[in-house]
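Colleague: May I request a close look at one part of this structure, beginning with the contact between the chains and going on to one helix in detail?

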Amino acid sequence: MDTLTLLAADKFQAPGPSIFDFPPLYAGAPAWLNKPVLFAVVGALIVCVFMWSAFANPKLVPRGVQNIGEIGYIFVRDQVARPFLGKDAERWMPLLLSVFSLILLWNLFGVVPFVQFPIASHIAFPAIFAGTIYVIKLYLGIKHQGFLGYFKNMMFPPGLPKPIYVLLAPIEFLSNLIIAPFTHAVRLFANMFAGHLILAFFSAVGFWFLFEKLTPLGAGLGVLGVIMTIAMTGFEIFIQFLQAFLFAMLAAMYLGGSLHPEH
Amino acid sequence: MSEKERRPEEDGRDFADAAWSVPSYLLSGMLVWGGLGWLLSRWTGVHAFIPIGLILGVALAVYLVYLKHGR
């Protein structure tokens with residue numbers, strides 16, 4: 001679609017938010033059935049097949065796919081689950097490992113040739129994940145601390161003079177129940193959205209000045225565009241990994257906060 | 001901070017907790033108290049209530065982070 005809009009215009013046009021709109025996959029398909037939805041499902045299937053082949057028939061001495069699976073498992077357990085969930089870490093590993101690997105794969109789709117779309121740059125996908133974590137967080141908090149106890153622990157940190165609570169309790173309430181799940185989803189979405197836009201911009205610069213309108217003066221700019229595309233692709237892979245890690249880490253943090261009140 | 005010895009993981013957890021809860025506390029502080037300031041300014045016509053509310057909210061949010069993680 002990039003190339004079509006570029007060919008249609010006579011001047012260079014930077015890619016805008018329209019690069020996130022996709023038509024239905026084929027003529028007569030329902031409007032929601034587009035490329036991001038297709039690859040969201042493909043990503044989920046790849047994660048299922050990968051986990052199945054890694055752990056369905058585990059050996060004491062891991063070989064092949066099981067090796068890679070165990071590296072991922074140990075990473076999530078030691079860096080994400082244990083610091084926040086302590087002895088409950090193993091119980092929550094299925095959720096955290098699934099969330100981490102699916103989001104990581106969806107993010108990496110942003111730099112996989114021909115796919116080239118980070119699924120989480122459509123906010124519906126991270127919003128569903130953050131919403132799910134939010135519901136589990138509320139359920140666990142009310143189950144483990146009681147309905148009133150949960151809100152009391154959340155809004156009234158102990159050992160303060162009473163008037164201070166009037167000032168602080170609304171901030172705690174808004175922060176924990178509304179802002180936290182919102183930023184949880186937006187952090188992933190915004191990083192993927194901006195990353196995709198940056199990659200699209202630099203590759204469009206390279207394509208336009210080297211292939212569409214090759215001029216002696218513009219060629220240097222085109223080369224710069226290509227170099228920046230390569231550099232930003234490397235940077236994006238780092239960000240894609242970091243955001244998947246952060247999303248899982250914050251999920252573990254919210255669940256841990258509900259399981260063990262801080263004071 | 002409690003008297004009993006803390007393991008390094010717990011320090012790490014505390015640090016991460018603090019670091020990641022700061023933005024949502026700051027936002028919430030500004031929304032709650034800046035929002036109240038906005039309501040007051042609409043009610044009384046004194047526009048100064050908006051910045052007063054915003055700054056009070058940020059200050060309270062920083063104080064809250066200190067209370068929960070800094071003591």
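Modeller: The contact draws 17 residues from chain A and 19 residues from chain B (two residues touch if their C-beta atoms, placed from the backbone, lie within 7 Å). On the side of chain B that touches chain A, α1 (8-44) and α2 (49-70) of chain B each supply at least two residues, and α1(B) gives the most, with 14 residues. Helices are DSSP runs of H or I, at least four residues long, numbered from the N terminus. The model is predicted: local features need pLDDT of at least 70 and side-chain atom pairs pLDDT 80 or more, whereas totals for chains, interfaces and linings use all residues. Residues are numbered from 1 along each chain as its sequence is written, with chains lettered from A and ligands numbered from 1 in the order in which they are written.

Within chain A, the axes of α3 (residues 65-85) and α4 (residues 89-108) come within 9 Å and cross at roughly 120 degrees (lines fitted to C-alpha atoms over the stretch in contact, with angles from 0 to 180 degrees between N-to-C directions).

The buried residues of α3(A) include A:Gly69, A:Val76 and A:Phe84 (20 or more other C-beta atoms within 10 Å of the residue's own, all placed from the backbone). Just after α3(A), A:Gly86 has a positive phi of about 60 degrees.

Definitions and conventions: A residue is buried if 20 or more other C-beta atoms lie within 10 Å of its own, exposed if 12 or fewer, and partly exposed in between; C-beta atoms are placed from the backbone.
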